[in-house]
Amino acid sequence: MKFKYISRILCLTFITIFFNSCDENDYEFGDIVAPSAIEIIAEVVGQDATNPNGDGSGTVHFTASASNALSFKFVYNGSETVKPNGQITYNFSELGVNTYTVTVIAVGAGGVSSSKTIQVDVLAVYSAPDDLKTLLYGFDPANPDATTSKTWRIKSEVAGHFGLGPVGGTVFGEWFQVGANEKDGVGMYDDRLTFHSNGTFEHVTNGDVFGRVNLIDQLGGSGGTVDGADVLNYSYGDYSENWTLTAPGGIETLSITGTGFIGYYIGNHSYEIFDRSNPNEMALRITDGNSEFDWWFLLTSEDQAPPAQQYVYNNLVWEDDFNTDGTPDPAKWTYDIGTGTNGWGNNEVQYYTDRSDNAVVSNGNLIITAKKEDFSGSGYTSARLKTQGLYNFTNGRVEVRAKLPGDAGTWPAIWMLGSNFPTVGWPQCGEIDIMEQTGADKNTVLATCHWFDTTNSIKADFGQTTSITNATSEFHVYTMEWTDQSITVYLDDVKYYELSNSSSLPFNDNFFLILNVAMGGTLGGSIDAGFNESTMEVDYVRVYQ
């Protein structure tokens, strides 16, 4: 996705500030003292010597301070927003010069409060383009006065619909992206967001919402389950606010008044429109109140997608979310070391190590790195992690969220071997390849099962492929469900592989998990002459039974 910058001719903003204060005397109730000496600073965006009244975007940053204040509330246009740090930004969008009134309520101990009002004269000249208005609320250029509206939802059925990244990042969810339907049941997917042509915004919550823990103090709902920094299924009813479209700094921005929000409450209410190239989608980016992260959302105005794939196994019994930086958890993972016999049986050329150079947990991901380097007689190193001897199981659903290496010659794999491999050998032990990708085709992934056909005394295989986009730049979810009846493989919850299981096959006993990146060999093929290093990043591995 790329930023969509809309160039606009911005006029100067004339801003005059008048102060009205009330209730500024201290009232003592025992040790309780009402806040006093309220100060409000209004910072006009783009203000400099050439543009003393700002850049004309209508954006104003307000900062409030007061003695004996514990928190602040900002009141504008009938909407009240709690801002404990005393900072808020309003995007004024009504065309022409208009006077806006903002009241700051300083709240002290025991709930005692004082207030001060600031009036701001702002000239706003930005007018949203017709195609943006059509996208947002169904505007009809042929009938511009018609009453229209459009309803949106989080596009939960695709991977990467909700993510996290650095402030100002240009990659959707650079640090973290959820899988398809991963946040089902937390209070986000059943929200419906309607934008009306008259500037009103309706949020149908269906009874509960999802967000950061600050929503407990700021929304005034009840209940919910605190999960780290999140609150799940917080009881909160439907509500209405207002919306505006502005373009501060040339970036199209959708702002919602009061405590209005989209998808996941963070306490900020202005969403940059990162991408709107699809007529039924919007990718939004918003910075949290402490300017630590950017949160990302993918919205769709299309009807609700069919329910997520209903799996047989849904009880989480084993997982590694890779949330502790450093060496992979030794209670869950061990390693294959060396070159193997004849390149691990596939003419591969890497040397597998247990070094942090080749396998490390960092920023919530397991990172397996294949490198070009001379090491113990091999020109390449990599890592192969496995649960052999630590976790073995029969039947279940394996789900792995991963981003694959992109260089020619790399052969990433997420797979399983029968636990009796050391005694019966391969292919008698059986092999289940949940995901493999060749070194030459990074737009396809493979699922394959290998076993020994005892009737004909030969190795047997059954494999199928499916197309994939952005496998090397975005995370996807690779899922395998294994029962005594079948082995089924999915890409982002879409089934593309199924093998009938039976008592004659080796897929009825314990298997263990393997993650690796090979170099060259039968599927890796020719290695790019300019290859230096490439990684497979794994967000999580989960087993359900």
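**Exercise 1.** Classify Phe293 as buried, partly exposed or exposed in this predicted model, and determine which geometry its ring pair with Trp295 adopts.

*Solution.* Step 1: the relative accessibility of Phe293 is 21%. Buried requires under 20% and exposed over 50%, so Phe293 counts as partly exposed. Step 2: Trp295, with a relative accessible area of 7%, is buried. Step 3: a search of the whole structure finds 39 aromatic pairs. For Phe293 and Trp295, the ring centres are 6.2 Å apart and the planes stand at 75°. Planes over 60 degrees apart count as edge-to-face, so this pair is edge-to-face.

**Exercise 2.** Determine the geometry of the ring pair Tyr351 and Phe375, and state which strands hold the two residues.

*Solution.* Step 1: the centres lie 5.2 Å apart and the planes are at 55°, so the pair is tilted. Step 2: Tyr351 belongs to strand β26 (residues 350-352) and Phe375 to strand β28 (residues 365-375); at 24 residues apart, the pair links distant parts of the chain. Step 3: Tyr351 is buried, its relative accessible area being 17%, whereas Phe375 is partly exposed at 23%.

**Exercise 3.** Describe the open sheet that contains β4, β5 and β8.

*Solution.* Step 1: the three strands have the order β4-β5-β8, with antiparallel pairing. Step 2: β4 (36-44) and β8 (87-91) each pair on one side only and are the edge strands. Step 3: neighbouring strands are turned by 20° against each other on average, direction ignored. Step 4: seven bridges join β4 to β5 (residues 59-67), and Ala42 stands opposite Phe62 in β5.

Notes: Residues are numbered from 1 along each chain as its sequence is written. This is a predicted model: local features need pLDDT of at least 70, side-chain atom pairs count only at pLDDT 80 or more; totals for chains, interfaces and linings use all residues. Side-chain values use heavy atoms; hydrogens and water are left out. Two strands pair if DSSP finds at least two bridges between them. Helices (H or I, at least four residues) and strands (E, at least two) are DSSP runs, numbered from the N terminus. Axes are lines fitted to C-alpha atoms, for helices over the stretch in contact, and angles run from 0 to 180 degrees between N-to-C directions. Rings of Phe, Tyr and Trp (its six-membered ring) pair if their centres lie within 6.5 Å; planes under 30 degrees apart count as stacked, over 60 as edge-to-face and the rest as tilted. Buried means under 20% relative accessible area, exposed over 50%, partly exposed in between (1.4 Å probe, protein chains only).
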